[in-house]
Amino acid sequence: MTTTIEPWDRARTAADLGELTAQWLTGAIASRPGYQLDRGPDEETTTCPQLMDALLLCNRSGFVTSCSQPGCAGLEAPAPTGGIWSQRAAVTGYVTDEEVLARLCEVADDHAFLLALHHPAGPGPVRDGIAVTTRNGRPVTWFGRPRNAQGVDHEWHGADVRAVRRMRGAWQVTLVDPCFEDRTLLWDALAEALFAPAPPCRGHLAATAAQDTDLVLDIGPADWGV
């Protein structure tokens, strides 16, 4: 049985989902699809103003984000988790507007960010994702693995089916700062790119994605088909 979450059940377009995601990030909405009910964004997101500002701008400019994290280097986690943890700043989401897609590809190219692109017709070259978190130097979390229709439905479970169809037909876009550092370059670059006039698409999408495969750390199996 299909269940929906208010006010996500009133979303009809990608823009609707972006605005509702922005409202969830600010606490105006208690829940969002794909997350535990009545759970807001993680503290690491809400306590990083540059990340929050970039996410709000992204979601209100045509890049509907589904997951993100700030960068950090060599943080020791308390027991029982333990270990030394490092993260790359990263964001992943959905784009239906070719102009917005061109802006994101341009900013990735200009700043040498790692980029994973997947088209609705099938996964792109970076099929195994990009490692974004390590524990004691070993990758434990990946962004940018392609999602098939069932995966998209699962991620947006609770939203109106018409909006979910928009996400099925969207480009899946992931941008990652290659450095495991506490820096805001990715968020600053996204803010600048989305405020600036849109550049022409230079036809480098496949080449950019293909270059990323050389930069992916030790990876696990792709979730395409899951």
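1. Before going on, a word on what you're looking at. This is a predicted model, where local features need pLDDT of at least 70 and side-chain atom pairs count only at pLDDT 80 or more, while totals for chains, interfaces and linings use all residues. Residues are numbered from 1 along each chain as its sequence is written, and side-chain values use heavy atoms, with hydrogens and water left out.

2. Now, what is a pocket here? On a 1 Å grid over the protein atoms alone, a cavity is a set of points where a 1.4 Å probe fits but cannot get out, whereas a pocket is an open set with protein on both sides within 12 Å along at least five of seven lines; lining residues have an atom within 4 Å of a point. Grid points are joined across faces, edges and corners, and the volume is the space filled by probe spheres set on the points. One more term: helices (H or I, at least four residues) and strands (E, at least two) are DSSP runs, numbered from the N terminus.

3. Back to the second largest pocket, which has a volume of about 310 Å³. Its lining counts 21 residues, and Tyr-35, Asp-42, Thr-45, Cys-67 and Ser-68 are the ones nearest its centre. Helix H1 (14-26), helix H2 (43-46), S1 and S7 each bring at least two lining residues, and S1 has the largest share, with 5 residues.

4. The largest pocket comes in at about 400 Å³. Of the 20 residues that line it, Ser-66, Cys-67, Thr-92, Arg-147 and Glu-155 lie nearest the centre. At least two lining residues come from each of strand S1 (63-69), strand S4 (90-95), strand S7 (138-143), helix H5 (149-155) and strand S8 (171-176). S4 gives the most to this lining, with 3 residues. By class, you'll find 6 nonpolar, 9 polar and 5 charged residues around the largest pocket.

5. Which strands make up the open sheet that contains S1? The order is S1-S4-S8-S5, 4 strands with antiparallel pairing; two strands pair if DSSP finds at least two bridges between them. S1 and S5 stand at the edges with a single partner strand each, so one side of each has no neighbour in the sheet. The twist averages 15° from one strand to the next. For angles, axes are lines fitted to C-alpha atoms, for helices over the stretch in contact, and the values run from 0 to 180 degrees between N-to-C directions.

6. Zoom in on the pairs in that sheet. S1 and S4 run antiparallel over 6 bridges, and Phe-63 has Val-95 in S4 as its bridge partner. S4 and S8 are also antiparallel, joined by 6 bridges, with Gly-93 opposite Val-173 in S8. Is S1 mostly covered or exposed? Mostly covered: 6 of its 7 residues are buried (under 20% relative accessible area, with exposed over 50% and partly exposed in between; 1.4 Å probe, protein chains only).

7. Have a look at helix H7 (residues 185-195) too. H7 lies across S1, S4 and S8 and runs at about 30° to S4; contact means heavy atoms within 4.5 Å.

8. There is another open sheet of 4 strands, in the order S2-S3-S6-S7, again with antiparallel pairing. Its edges are S2 and S7, each with a single partner strand, so one side of each is left without a neighbour in the sheet. Neighbouring strands here are turned by 25° against each other on average, direction ignored. Inside this sheet, 3 bridges link S3 and S6 in the antiparallel sense, and Ser-86 has Thr-134 in S6 as its bridge partner.

9. Finally, some backbone details to check for yourself. Where are the cis peptide bonds? One joins Glu-6 and Pro-7, with omega about -5°, and Pro-7 is in the segment before H1. Another runs from Ala-79 to Pro-80, with omega near 5°; Pro-80 sits in the loop between strand S2 (72-76) and strand S3 (84-87). Ala-112 is not a glycine, yet has a positive phi of about 60°. Ala-112 belongs to the loop between helix H4 (98-111) and strand S5 (114-118), and is exposed at 51% relative accessible area.

Methods
Nonpolar A, V, L, I, M, F, W, Y, C, P; charged D, E, K, R; others polar.
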